[in-house]
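Student: Please take a close look at one strand in this model. Where do its side chains point, and what does it pair with?

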Amino acid sequence: MENKQLGRKIVLCEEKMAPWRKGYCKDVLERIAAQVPLPLDAIKEHYFQANAGVVEKVGAAGELRVPKKEEGNRWNYEIAMKQCTDARQVTTDLGMLLRYIMIHERTAGNVVRKGEVFKNLSVFGIGIVEGHYKCGATGVAYKYRDVDAPDIDKNILRILSAISPYVRDIADTAERDRENAVDQANRVRMILRRASMSNKVYPGFFTWENGSGRNYEWLGEEMPDPRFHQLFSETAGRMTDYAYAEGRDFDSQYASITMIYDPFRLGRINDPRAIFDALGNEMFCVTFDLRRLMRDVDGLGDPLPLSRTGMGSVLYANFDQGGHVSGVGGVNGTHAIGILDPDDRVIEKTRAYLLDNFPEIKNLTNNGDSIFSIRYDPASARAVFL
Ligand SMILES: [Zn+2]
């Protein structure tokens, strides 16, 4: 198999691969590395197998501490993160989720609007706003820095408007993306200050510009807790090395599937990449508050629309002008979406919302044929494709 964009053959380096991944279908791994779309049945089969291994590991870990409310009506999350939706930004893994009570949100450009995820931190918890190299969202913001862009989807425009004008003006991606992480983290500090919360929030940065040797940075002040400093550096480094061992390249973005989910509804193991054992440049992940669609069922009134920045992210990857992320978008893209939730009613409502409100989703998924409904059991981490 060949990566056409790079014009090089995909070679899996078995001895450097994650040991448990050697049993996966080689053809699937090579297709991902070559940035070729995965057939829909291969997506289902591969992630079913990958999840089975994860279920085993979660079972072996024994009983996990669960998030609960503590003093001041806060949740006791120990780590709260805001990341970009970008498939390459894989800096956490199953081991971290098993060890720490973590929560995250993923929005394109790691933009912070309300900072809800950080209001759920334990008094002793830490927040991280994590940017990454070659961010598509800040790239588009730069491209349209001086012009009105009436042809851009209004949901995508909402993401661009959440990137500060001075950041949008920076030409160099390495500089712009670092500055954006610092700027977004500063917003969280302001938000927490207004809420009279004193949590520590740090801008982190994931990059592959210097090879795999140094790919996690703390911008501005160093992360003062050496545990987390080491944890993120090591995990990001290991995950990158595992991806490289399978012949992957991070130069352009690829996704086998775009995953839609609400991390607050998924319990301790609340990250689809951990649930499906996805490495870097494999899974585009977008978080939503899916309860907004359930308000009528819950007796709270009319359903509310899903987050516009979240929808902007999904449209950008899979659908806008055919989709910009290869694998799920582009000429041969599958436009595959997974809706991951413990409750079948939430999955159905979300599916209907996507098809009823976005003609391009209805058309390009062939009326939902490439939208997977995936039921998740937070206790065991088992995911079932319905
Ligand atoms: Zn990004």
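Tutor: From strand S11, Ile257, Met259 and Tyr261 point one way, and Thr258 and Ile260 point the other way. All of them are buried. Here, buried means 20 or more other C-beta atoms within 10 Å of the residue's own, with C-beta atoms placed from the backbone. In a regular strand, side chains alternate between the two faces of the sheet.

This is a predicted model: local features need pLDDT of at least 70, side-chain atom pairs count only at pLDDT 80 or more, and totals for chains, interfaces and linings use all residues. Residues are numbered from 1 along each chain as its sequence is written.

S11 covers residues 257-261 and is mostly covered, with five of its five residues buried. Strands are DSSP runs (E, at least two residues) and helices likewise (H or I, at least four), numbered from the N terminus.

Now the neighbours. Pairing requires at least two DSSP bridges between two strands. S11 pairs with S12 (residues 283-287) in the parallel sense, over five bridges. Isoleucine 257 stands opposite methionine 283 there. S11 also pairs with S13 (residues 337-341), in the parallel sense, over four bridges. Threonine 258 has isoleucine 337 of S13 as its bridge partner.

Finally, the setting. The protein has 12 helices and 15 strands. Buried residues make up 48% of its 386 residues. Contacts are C-beta pairs within 7 Å, the atoms placed from the backbone. Of the contacts with a separation of 6 or more, 72% join residues 24 or more positions apart. The C-alpha trace spans about 55 × 55 × 50 Å along its principal axes.

Terms used
Buried ≥ 20, exposed ≤ 12 C-beta atoms within 10 Å, placed from the backbone. Contact = placed C-beta atoms within 7 Å.
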